[in-house]
Amino acid sequence: MIAVLLAGAGVAALAAVLRRRFVLATVAGYSMAPTLRPGDRLLIRRAPLSRLSVGDIVVVVPDARMAAGPRHTTGYVIKRLAAVPGDPVPDHVPAPAHERVPPGRMVILGDNPDASRDSRDYGLVTQEQLVGVVVRALGASDPAKDEPTRDQANP
């Protein structure tokens, strides 16, 4: 009986640790197509900006500038990290008085520019908004969803 209780407590403790370190999210739009599709489930590892690299797919919490457009119920924005502190600010990204990304900021861009609202629209994103980095997709999207309708094309 004690062994069962200890095992149960161990499982609960492990689950609590994993919840603090990892997050699950579901892709809701086409801004990361063809890399990610609506319905894809993602495993996200919490990580600070200093541990990320250009090219990583990151998850951020949107601020008021980013709020337009449909989102999964988590409210997360999923984009590719395009520039980190010290990197040149990419063309077409508004960044007042900066030629380089300042400390604590990042540039995020969708893989599908025609269907993406990203740093080209709302500028630099703060490290405080960062949830983490996508570790892997856990499930494939529904193949029937491969082609966006007009209403789905601008998440």
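**Lys 79 and its surroundings**

Trainee: Leaving aside neighbours within four places in sequence, which residues is Lys 79 in contact with?
Mentor: Contact here means heavy atoms within 4.5 Å. Lys 79 sits in strand β4, residues 77-83; helices (H or I, at least four residues) and strands (E, at least two) are DSSP runs, numbered from the N terminus. With those neighbours set aside, the contacts of Lys 79 are Ser 31, Met 32, Asp 56, Ile 57, Val 58, Ile 108, Leu 109, Gly 110, Ser 116, Arg 117, Asp 118 and Tyr 122.

Trainee: Before we go on, what kind of model is this?
Mentor: Residues are numbered from 1 along each chain as its sequence is written, and side-chain values use heavy atoms, with hydrogens and water left out. Local features need pLDDT of at least 70, side-chain atom pairs count only at pLDDT 80 or more, and totals for chains, interfaces and linings use all residues, since the model is predicted.

Trainee: How far from Lys 79 is the nearest side chain of opposite charge?
Mentor: Lys and Arg count as positive, Asp and Glu as negative, and His and the chain ends aren't counted. A salt bridge needs a side-chain nitrogen of Lys or Arg within 4 Å of a carboxyl oxygen of Asp or Glu. Lys 79 is buried (under 20% relative accessible area; exposed is over 50%, partly exposed in between, 1.4 Å probe, protein chains only), yet has no salt bridge.

Trainee: Which side chain does a polar contact of 2.9 Å join to Lys 79?
Mentor: A polar contact is a pair of N or O atoms within 3.5 Å; within protein, one must be able to donate a hydrogen and the other to accept it, and residues adjacent in sequence count only if both atoms are side-chain atoms. The Lys 79 side chain also reaches the backbone oxygen of Arg 117 at 3.2 Å. The side-chain partner at 2.9 Å is Ser 31.

Trainee: In the largest nonpolar core, which residues touch the most other members?
Mentor: A nonpolar core is a set of buried Ala, Val, Leu, Ile, Met, Phe, Trp, Tyr and Cys residues joined through side-chain atoms within 4.5 Å. The largest has 15 residues, and β3, β4, β5 and β7 (130-139) each give two or more. A second, separate core of 13 residues includes Ile 57 and Tyr 76. In the largest core, those touching the most other members are Val 60, Met 106 and Ile 108.

Trainee: What is omega near for the peptide bond from Ala 33 to Pro 34?
Mentor: Most peptide bonds are trans. Pro 34 is in the loop between β1 (22-26) and β2 (41-45). The bond from Ala 33 to Pro 34 is cis, with omega near 5°.
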